[in-house]
Amino acid sequence: MTKQFLSIVLLATSVFFSACTQNTITGKSQLSLISDAEIIAAANTEYKQFISTSKVLTAGGSSDAASVTRVGNRVVAAVKKYYADMGKSAELGAYQWEINTVSSKEANAWCMPGGKIVVYTGILPITQNDAALAVVIGHEVTHALASHGKQRMNASLIKQLGGEALSAALANKPKETQALFNSAYGLGAQYGVMLPFARKDEYEADKFGLMFTALAGYNPREAIKFWQRMSAASNSSQKPPEFASTHPSDENRIKQLQSIMDDTMNKYYKP
Ligand SMILES: [Zn+2]
């Protein structure tokens, strides 16, 4: 091993370790090759473009949007309180929450890093009530807070650069960061359609999304009924809802929700 090579390895290793942070929601140690500020900037750019090319409904003019805003605000308040109780409010410092309802036949919803939440009206016939809407929003918000997309960006960054250049490669390169963000999230070609997350990320989003649903004062048991309706909607239609194609409502998901339901009810649900 040459001296030069050794020093690169040592440098890379130290950057690697110093780039590890513990996630407040999941408690897991996560690699942080890209700063949250860079990711949130990329997300905000993408979000602005999406909003400017979508039909956005206002809470004043649409009862659908009023429901989304009402439920979204309660879920966000529960998230803020959760972080405050843990003494971790600073971690949400870069979050500027926005909740938008978009008129669309697509049954979909997402939350970007930085707190930009979008619910498509096409999912409302499946949520049917505020509690199920809270389940959906809580799930999507967890994906953002648990940095699931960021972990995917890390993975593609390591793949592209072999781990050598690490975060230095993206420092002060907003264009490259944007491209990486778009490919990790599946955005760009079709605005606002996110790639499916890995099954373990889905399980986390279900688990902590259920907790936020309960903390927001909504009955988490509605999650089971919602996923059953989502499953029925995908079985009965030739083109399954977008949300169902990225969130397979299989038996395992429902079983896992059932296995944590009593615990979630006891610990977090105070109607
Ligand atoms: Zn998900």
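Biologist: What share of the chain's contacts between residues at least 6 apart in sequence join residues at least 24 apart?

Modeller: First, the term: two residues are in contact if their C-beta atoms, placed from the backbone, lie within 7 Å. Among contacts here between residues at least 6 apart, 70% join residues at least 24 apart. Bear in mind that this is a predicted model, where local features need pLDDT of at least 70 and side-chain atom pairs count only at pLDDT 80 or more, while totals for chains, interfaces and linings use all residues. Residues are numbered from 1 along each chain as its sequence is written.

Biologist: And pLDDT, what does the chain average?

Modeller: pLDDT is the predictor's confidence in each residue, from 0 to 100. The chain averages 85, and 83% of the residues score at least 70. Over residues 188-192 it stays under 50, and the model has seven contacts beyond four places in sequence for them.

Biologist: How many helices and strands are there?

Modeller: Both are DSSP runs numbered from the N terminus: helices are H or I with at least four residues, strands are E with at least two. The chain has 11 helices and six strands.

Biologist: Take H3. Which of its residues are buried?

Modeller: Buried means 20 or more other C-beta atoms within 10 Å of the residue's own (12 or fewer is exposed, in between is partly exposed), with C-beta atoms placed from the backbone. In H3 the buried ones include Ala65, Val68, Val75, Val79 and Tyr82. Their cover includes strand E4 (98-102), helix H5 (130-145) and helix H8 (199-215). After H3 comes glycine 87, with a positive phi near 70 degrees.

Biologist: Which residues touch the most other members of the largest nonpolar core?

Modeller: In soluble globular proteins, nonpolar side chains tend to be buried together. A nonpolar core is a set of buried Ala, Val, Leu, Ile, Met, Phe, Trp, Tyr and Cys residues joined through C-beta atoms within 7 Å. The largest one here has 62 residues, and Val75, Ala109, Ile123, Ala134, Ile137, Val141 and Phe212 touch the most other members. H5 gives the largest share, 10 residues. Leaving out residues up to four places away in sequence, valine 141 touches Val75, Val79, Cys111, Ile117 and Phe212.

Biologist: In what sense do E5 and E6 pair?

Modeller: Strands pair if DSSP finds at least two bridges between them. E5 and E6 are antiparallel, over four bridges, and methionine 112 has lysine 116 in E6 as its bridge partner. Three residues lie between the strands of this hairpin, where glycine 114 takes a positive phi near 105 degrees. Both faces of E5 are covered: Ala109 and Cys111 are buried on one side, Trp110 and Met112 on the other.
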